[in-house]
Amino acid sequence: MARTAVKVVEPGSLGRLVDEYLASCKARGLSPKTIETGYGWPLKKILLPFCETEGIDQVSRLTRPVLDRLSTSLMDGGGVTNRPLSRHTVHTYMRTVNVFLNWAKNAGEK
């Protein structure tokens, strides 16, 4: 029987925080579509893979220079489609990331 790798999310990890943030969005009454596409997509498909590539596992390591690298990589073709993204799209993704980071800070994450 083939085994499936289960990724364990460590306490304090970005993946856990993203899940908690999305649960918070649901608790605030946001629609499932808004949560999935407006918040979940940029965080799970853009931010988390970038952080994994960069070796970043704590919110405290998401400094302004790191976020600038993320923005630059998206504009240069580092998006999910591996094509450059428009400034508007990058701005939208980064706005979501910044809202998440503010939520994490207010939740006591450093």
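**Exercises on a predicted model**

Ser71 sits in helix 3 (helices are DSSP runs of H or I with at least four residues, numbered from the N terminus). This is a predicted model, where local features need pLDDT of at least 70, side-chain atom pairs count only at pLDDT 80 or more, and totals for chains, interfaces and linings use all residues. Residues are numbered from 1 along each chain as its sequence is written, and side-chain values use heavy atoms, leaving out hydrogens and water.

**Exercise 1.** Work out whether Ser71 is buried or exposed, and find its contacts beyond four places in sequence.

*Solution.*
- Start with the cut-offs: buried is under 20% relative accessible area, exposed is over 50%, and partly exposed is in between, using a 1.4 Å probe and protein chains only.
- Ser71 has a relative accessible area of 14%, so Ser71 is buried.
- Now the partners: leaving aside neighbours within four places in sequence, Ser71 touches Val90 and Met94 (contact means heavy atoms within 4.5 Å).

**Exercise 2.** Describe how helix 2 and helix 4 pack.

*Solution.*
- Helix 2 (residues 32-54) meets helix 4 at about 95°, with the axes 9 Å apart. Axes are lines fitted to C-alpha atoms over the stretch in contact, and angles run from 0 to 180 degrees between N-to-C directions.
- The two helices are therefore roughly perpendicular (under 35 degrees is roughly parallel, over 145 roughly antiparallel, 65 to 115 roughly perpendicular, the rest oblique).
- Helix 2 brings residues including Trp41 and Leu43 to the contact, while helix 4 brings Tyr93, Thr96, Val97 and Phe100.
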